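Dear colleague,

Please find the structure below, handed over for your use.

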Amino acid sequence: MQVYVIVKHVPDTAANIKLTKDCDYDTGALKFVVSPYDEYAVEEAVQIVEKAGQGEVILVTVGPDKAAATMRNALAMGAHRGILVKTDDKFLDSRTTAAALKAAIDQDGSPDLVLSGKTAVDTEGCQTPYRLAAAFGFPVVNEISALELNQGRAVAQREIGGNDKEILELDLPCVVGASKGLNTPRFPKFPDIMKAKKKPITELALSDLGLDSGGADLVTLEPVPERSGARMMQGSVRASVEELVTILKDEKIL
Amino acid sequence: MPKIGVLIETENQAIKQINHGLLTAARGQGNEVVAFVLEAVSDKAAHQAAQYGAATLVQVSADSGDVLSSPDLCARALARAAQEYGVDGLAGLATAQGRDIFARLAADLDLPLASDALEVDFAGQTAIKSHFSGKAMATVTLSGRLMLATLRPNAVAPVQDAVQITAAEYTATGIGQARVRRTSIQKSSQEQMDLTEAPVIITGGRPIGSPENYTILKDCARVLNAAVGASRAAVDAGFAPHAMQVGQTGKTVSPNLYIACGVSGAVQHFAGMKTAKIIVGINTDKDAPIFEKCDYGIVGDMFEVIPILTQVLKETQNR
């Protein structure tokens, strides 16, 4: 099994994002992590290859030089090696990203399965798994919370709202986007972290892949102001609740 | 005026109410709206679509399979229908179905897509959407022959704008076989309104303490016509299924009213609900971060506050 896992280098979800002019943000003091949903994809890939008893888990990232350090965290989870397509464009559109991933994988080998997180938490696009699948001509499912591989077929479970789930079937090779619930990503132990430092990461430049870009263009990026603080209800619990209900009725919320 | 197609989500031949805001967004400043549905709908449903500005209602199918159970076939059939009706833009809801179908469509057609948009402007080909888990709002332009967008449910308030409606059917041919097939649906044992579609949500955090204790929130939710949510801490503690989780690694919601009980107010939780119109926090700790970022607060124990809230709501409804 050659399993490729798409991993994105994103700002830590707990971090404050300091926006600067021209649709950019300050990365100076910012901590970067593997996009949370991608961790489920890495864990699933490692388990699949462990179970098969043979094969390789290869991480593929499109990102800046610094993304290599983030990839090491995912390598410590048990992936074998990585490919980094380097670009300084923080908001590369998903069409170009998918084309870059396809080109990088084509140079490396032939995938039996491609896994990724269902979405990246920075740009919240939810599109790259689909565009990558289209580029390969593979079928795709996204937002998957359970996966079984059996004789060249994948059986995947997907939440469809209101606690209901659907079961989908598709042939391998395919692209599968991971959601929470797929597995419990492991915390790498110290020896795994040390081992990951020696695992190879091949670097390519996006500009060498000869891709045309273009798609959704970012025009402005503005901070979302936080609410300025709650108006607190006063008095006994009963009085507080009555005051709240009155306000909500006055505001036509109830 | 541009002509805009919308994918309308149906349930048992009826149009879900959540589509009204989508139709309003598509109508914009007088756009002609073509509503696409994936199953036959009742005359009443057609009238409902007309009330919100749909001039045409088209039932889309494919000759090679069932579009409702094959998402890839559905996306290809919808792309053909959009072409047949000559629409300039195509929009859907950012629900489990809409997110999937539109991403497939965008990938098949190699066109940009604004996903989970809060505002769309088809005439200007722009959309506003969240970045960095709701910490920033991005305005994007989408160039191309067909503007594609999914709209966050409840993000646009529905406005009635009645027009005459014509019903039609469209069957796509020559679009190949389905490669992704739904083999079954596992219905949950618990009837629960879809969180992303709910106009009101009441959420319990870790202090809820057990799955059974969600009953007090469910009782209140029945009076409020609300869905019940959970924080990540409550889900990780095993008190609620992941389907109920609101926040960074759960659902992103935009209800009119969001009541957070025993939720501390982590950045990751706010990422999933900060576009709610009104946020109410209920917490025993008067210094809880939730109170710094919500609209109204009550300091108190949810086990005491919520039953009284349920009681007061019942009293006011009966008056």
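**Contacts of A:Arg227 and the two sheets**

A:Arg227 is found in the loop between β14 and β15 (231-232) of chain A. Please note that this is a predicted model. The side chain of A:Arg227 comes to 3.3 Å from the backbone oxygen of B:Lys277. Residues of chain B touched by A:Arg227 include B:Lys274, B:Ile279, B:Glu292 and B:Asp295.

One is an open sheet of 10 strands with mixed pairing, in the order β14(A)-β9(B)-β8(B)-β7(B)-β10(B)-β6(B)-β1(B)-β4(B)-β5(B)-β11(B). From one strand to the next, the twist averages 35°. Strands β5 (residues 54-62) and β11 of chain B run parallel and are joined by 7 bridges; the bridge partner of B:Ser61 in β11(B) is B:Thr171.

The other is an open sheet of 6 strands with parallel pairing, ordered β15(A)-β17(B)-β16(B)-β15(B)-β13(B)-β14(B). Here the edges are β15 of chain A and β14 (227-230) of chain B. Helix α6 (residues 237-250) of chain A packs on this sheet, touching β15 of chain A as well as β15 (257-261), β16 (278-283) and β17 (296-299) of chain B, and its direction makes about 170° with that of β17(B). Helix α5 (residues 214-224) of chain B lies across β13, β14 and β15 of chain B, at about 170° to β13(B).

With kind regards

How values were computed:
Residues are numbered from 1 along each chain as its sequence is written. Chains are lettered from A and ligands numbered from 1 in the order in which they are written. This is a predicted model: local features need pLDDT of at least 70, side-chain atom pairs count only at pLDDT 80 or more; totals for chains, interfaces and linings use all residues. Side-chain values use heavy atoms; hydrogens and water are left out. Two strands pair if DSSP finds at least two bridges between them. Helices (H or I, at least four residues) and strands (E, at least two) are DSSP runs, numbered from the N terminus. Axes are lines fitted to C-alpha atoms, for helices over the stretch in contact, and angles run from 0 to 180 degrees between N-to-C directions. A polar contact is a pair of N or O atoms within 3.5 Å; within protein, one must be able to donate a hydrogen and the other to accept it, and residues adjacent in sequence count only if both atoms are side-chain atoms. Contact means heavy atoms within 4.5 Å. Lists of a residue's contacts leave out its neighbours within four places in sequence.
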